[in-house]
Amino acid sequence: MTDYSKCTITRYPTPVLMKAAEPIKEVNDDIRVLAERMIEIMVETQGVGLAGPQAGVNLRIFVASPEGTRQGAKVYINPSIRVEGPIVTHEEGCLSLPGIWGKIKRYYKCTVTATDLDGKEFTEVGEGLPARIFQHEFDHLEGRMIKDRLSMAGKLRSRGRLQELEDEYKDNATS
Ligand SMILES: [Zn+2]
């Protein structure tokens with residue numbers, strides 16, 4: 001059994017961030033502890049969303065709060081998304097890629113169907129920022145990050161910072 005209350009934020013290039021996450025089979029107390037911890041991390045780090053792999057957990061769950069508040073936080077378990085145009089470009093960052101920002105193309109509208117902490121399915125339609133968060137967090141569950149969606153110029157610009165993060169990761173692993 002894993003004690004999810006001790007989860008901490010993972011940064012690139014932690015391997016769990018780069019692979020597809022596994023479906024959650026049962027919404028139980030372990031999952032509720034995990035969701036609570038993920039909301040805590042998101043609020044502490046002043047994010048508006050956090051996905052399981054970012055808490056070091058290879059499970060299909062994300063939390064989101066467009067206002068960045070605990071009260072506004074919602075939990076999405078085993079989400080699926082449906083996107084609708086138009087495509088909008090906006091500056092985006094990621095808690096697992098500190099120091100990296102770039103213009104990312106996303107669909108303006110996104111419908112997410114997910115399971116809540118009571119095990120009930122629900123559907124929510126997001127437009128603008130919420131839609132952007134849903135697509136960003138869903139990407140994490142597929143092992144994709146904003147570094148993969150940057151323009152060619154953005155990729156070149158972020159190369160040095162990615163290298164720094166890789167070096168920090170290696171240093172932590174060996175010390
Ligand atoms: Zn992210």
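Helices (H or I, at least four residues) and strands (E, at least two) are DSSP runs that are numbered from the N terminus. This is a predicted model, in which local features need pLDDT of at least 70 and side-chain atom pairs count only at pLDDT 80 or more, while totals for chains, interfaces and linings use all residues. Residues are numbered from 1 along each chain as its sequence is written. The protein has four helices and five strands, and from the N terminus on its elements run α-β-β-β-β-β-α-α-α. Its radius of gyration is 16 Å, close to the 16 Å that the globule rule gives for 175 residues, so the protein is as compact as a globular protein of that length; the radius is taken over C-alpha atoms, and the rule is 2.2 Å times the number of residues to the power 0.38.

**Overall dimensions and packing**

- The C-alpha trace of the protein spans about 45 × 45 × 25 Å along its principal axes.
- Of the 175 residues, 34% count as buried, a residue being buried if 20 or more other C-beta atoms lie within 10 Å of its own, exposed if 12 or fewer, and partly exposed in between, with C-beta atoms placed from the backbone.
- Among the contacts with a separation of 6 or more, 65% come from residues 24 or more positions apart, where two residues are in contact if their C-beta atoms, placed from the backbone, lie within 7 Å.

**Nonpolar cores**

- A nonpolar core is a set of buried Ala, Val, Leu, Ile, Met, Phe, Trp, Tyr and Cys residues joined through C-beta atoms within 7 Å.
- The largest nonpolar core has 30 residues, and those with the most contacts inside it are Leu 34, Ile 61, Phe 62, Val 63 and Tyr 76.
- Two or more residues of this core come from each of helix H1 (29–44), strand S1 (49–51), strand S2 (61–64), strand S3 (74–92), strand S4 (102–115) and helix H2 (129–141).
- Leaving aside neighbours within four places in sequence, Val 63 is in contact with several residues, including Ala 35, Met 38, Ile 39, Leu 50 and Val 75.

- Five strands form an open sheet in the order S1-S2-S3-S4-S5, with antiparallel pairing; two strands pair if DSSP finds at least two bridges between them.
- S1 and strand S5 (121–127) stand at the edges with a single partner strand each, so one side of each is left without a neighbour in the sheet.
- Neighbouring strands of this sheet are turned by 30° against each other on average, direction ignored; axes are lines fitted to C-alpha atoms, for helices over the stretch in contact, and angles run from 0 to 180 degrees between N-to-C directions.
- S4 and S5 run antiparallel and are joined by seven bridges; Thr 111 stands opposite Val 125 in S5, and the bridge partner of Ala 114 in S5 is Phe 122.
- Five residues lie between the strands in the hairpin of S4 and S5, where Gly 119 takes a positive phi near 85°.
- S5 is hardly covered, since the count of buried residues among its seven residues is zero.

- H1 lies across S1, S2 and S3, and runs at about 45° to S2.
- Glu 44 is found in helix H1 and counts as exposed, with 10 C-beta neighbours inside 10 Å.
- In H2, 12 of the 13 residues are buried, so this helix is largely enclosed by the rest of the structure; what covers its buried residues includes S1, S2, S3, S4 and S5.

**Backbone features to check**

- Most residues other than glycine have a negative phi, and most peptide bonds are trans.
- The peptide bond from Tyr 12 to Pro 13 is cis, with omega near 5°, and Pro 13 has its place in the segment before H1.
- The peptide bond from Gly 85 to Pro 86 is also cis, with omega near -5°, and Pro 86 is found in strand S3.
- Gln 46, in the loop between H1 and S1, has a positive phi near 60° and counts as exposed, with 8 C-beta neighbours inside 10 Å.
- Asn 78 lies in strand S3 and has a positive phi of about 45° although it is not a glycine; with 18 C-beta neighbours inside 10 Å, Asn 78 counts as partly exposed.
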